[in-house]
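I opened my notebook to write down what I could look up in one structure.

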Amino acid sequence: MSFGVRTRSARLAKVSGLVGLVGFAATGCSVDEFLRFGWPQGVTPQAERMRELWTWSVLAALAVGLLMWVLILWPVLFHRKRSEELPKQTQYNIPLELVYTTVPFVIIAVLFFFTVITQNFVQNQKEPDLAVEVVSFQWNWEFRYPDSQTPDGEPVSTVGTSTEIPLLVVPAQRLVEYRLTSTDVLHSFFVPEFLFKRDTFPHPQQNNSDNVFQNVIDREGAFVGRCAELCGTYHAQMNFEVRALPPDQFDQYLELRTQTNPATSQPYTASEALVELDCGELCAPEAFTTRPFDTDRQNRSVTGNGN
Ligand SMILES: [Cu+2]
């Protein structure tokens, strides 16, 4: 009997090991990707810290899960009912009860500790290199640069429309401060590659809402942004694009936005300034990580295609 049990458990271990290996190989992902457990690749130091917390939390959860599965499956497989006799009863075992009360408490304390450390790092605020006001409204975004003025004395601003995705142009490798607000209902500023989102509220000061966060985008690129709070009919279409330019190019961009475009006699728009900079794909005048949606609902129901 004991020999049979041993070969059976050895076989079980071998099969489950193989299943795990095939499962991992079949996903075709790298170790780095695997350790992100489904999260996108972050582009800020803040995102990297949150990703580390996430990876270790999942590994800890898997370790506890594994222990639990063994503790459940072991009696199920190897201690089945053998006779009508009542087995030895082991309740009210004080040392054991102390252990399984203390261990979960320690687990929670450790998770709490690292969560607070990470949160403090992510929420930390210093004197920023650039401040941007993010104004959300039904159903689009406006990005204002409060420290730069157009020739008319208005702050430089980029507003999205239903036919144009707004571009939030920021410098890479510099500390950017995002000041979030809403003009109507709650929205949520979400850039998946920041691994961060935060709700936007009307009148944040009056509501005592912490509407400011900062980060440094550590690489140049274009990153899609979305509204992550169900805010009405066209919520799904509240997309934007973060464009992280090399710092010197960003300076030129912002400088252009404070000037009048001789071709239109109006201040440079975001697209016009990017065209003027002419730095390849990073200066594309239109968003390329997302596109405007057809807002004509009548049209959708007539043609039946859900674009
Ligand atoms: Cu929204």
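My entries follow, one topic at a time.

**Ground rules**

I am working with a predicted model, where local features need pLDDT of at least 70, side-chain atom pairs count only at pLDDT 80 or more, and totals for chains, interfaces and linings use all residues. Residues are numbered from 1 along each chain as its sequence is written, and side-chain values use heavy atoms, with hydrogens and water left out.

**Entry 1: the copper site**

Which residues coordinate the copper ion? I found His 187 through ND1, Cys 227 and Cys 231 through SG, and Met 238 through SD, at 2.1 to 2.5 Å. Donors here are N, O and S atoms within 2.8 Å of the metal (3.2 Å for Na, K and Ca), and water is not among the atoms, so sites may look incomplete.

Next I looked up the geometry. The arrangement is tetrahedral because the four donor atoms around the copper ion subtend angles of 90 to 125°. For four donors, that label asks for all angles between 85 and 135 degrees.

In sequence, I read the spacing of the donor residues as H-x39-C-x3-C-x6-M. Cys 227 sits in strand β9 (residues 221–227), while Met 238, eleven residues apart from it, is in the loop between β9 and β10 (239–245). Helices (H or I, at least four residues) and strands (E, at least two) are DSSP runs, numbered from the N terminus.

The cut-offs I used: buried means under 20% relative accessible area, exposed over 50%, and partly exposed in between (1.4 Å probe, protein chains only).

While I was in β9, I also checked Ala 222, which lies in that strand. Ala 222 is buried too, with a relative accessible area of 19%.

**Entry 2: the disulfide**

How many disulfides does a search of the whole structure find? I got one, counting a disulfide as a pair of cysteine sulfur atoms within 2.5 Å. It joins Cys 279 to Cys 283, with 1.9 Å from S to S. The link is right-handed, with 100° about the S-S bond. Cys 283 is buried at 4% relative accessibility.

**Entry 3: a cavity**

Rolling a probe the size of a water molecule over the atoms shows where empty space is left. On a 1 Å grid over the protein atoms alone, a cavity is a set of points where a 1.4 Å probe fits but cannot get out, and lining residues have an atom within 4 Å of a point. Grid points are joined across faces, edges and corners, and a volume is the space filled by probe spheres set on the points.

I counted one cavity of 30 Å³ or more. The largest cavity holds about 50 Å³. Its lining includes Thr 44, Met 50, Val 122, Phe 194 and Asn 215. The elements giving two or more residues to that lining are α3 (45–78) and β8 (212–216).

Most residues other than glycine have a negative phi, and most peptide bonds are trans. So I went looking for exceptions.

- A cis peptide bond joins Gln 138 and Trp 139, with omega about -5°. Trp 139 lies in the loop between β1 (130–137) and β2 (140–149).
- Phe 37 has a positive phi, near 45°. It lies in the loop between α2 (31–35) and α3, and is partly exposed at 21%.
- Asp 278 has a positive phi of about 50°. It lies in the loop between α6 (270–277) and α7 (297–303), and is exposed at 65%.

**Entry 4: two distances**

Gln 89 is in the loop between α3 and α4 (94–123). From Gln 89 to Val 176 I noted 87 residues in sequence and 63 Å in space, C-alpha to C-alpha.

Trp 39 is in the loop between α2 and α3, and is partly exposed at 26%. Trp 39 and Thr 55 are 16 residues apart in sequence and 9.6 Å apart in space, C-alpha to C-alpha.

How values were computed. On a 1 Å grid over the protein atoms alone, a cavity is a set of points where a 1.4 Å probe fits but cannot get out, and a pocket is an open set with protein on both sides within 12 Å along at least five of seven lines; lining residues have an atom within 4 Å of a point. Four donors count as tetrahedral if all angles lie between 85 and 135 degrees; four count as square planar and six as octahedral if opposite donors are over 155 degrees apart and all others between 65 and 115; anything else is irregular.
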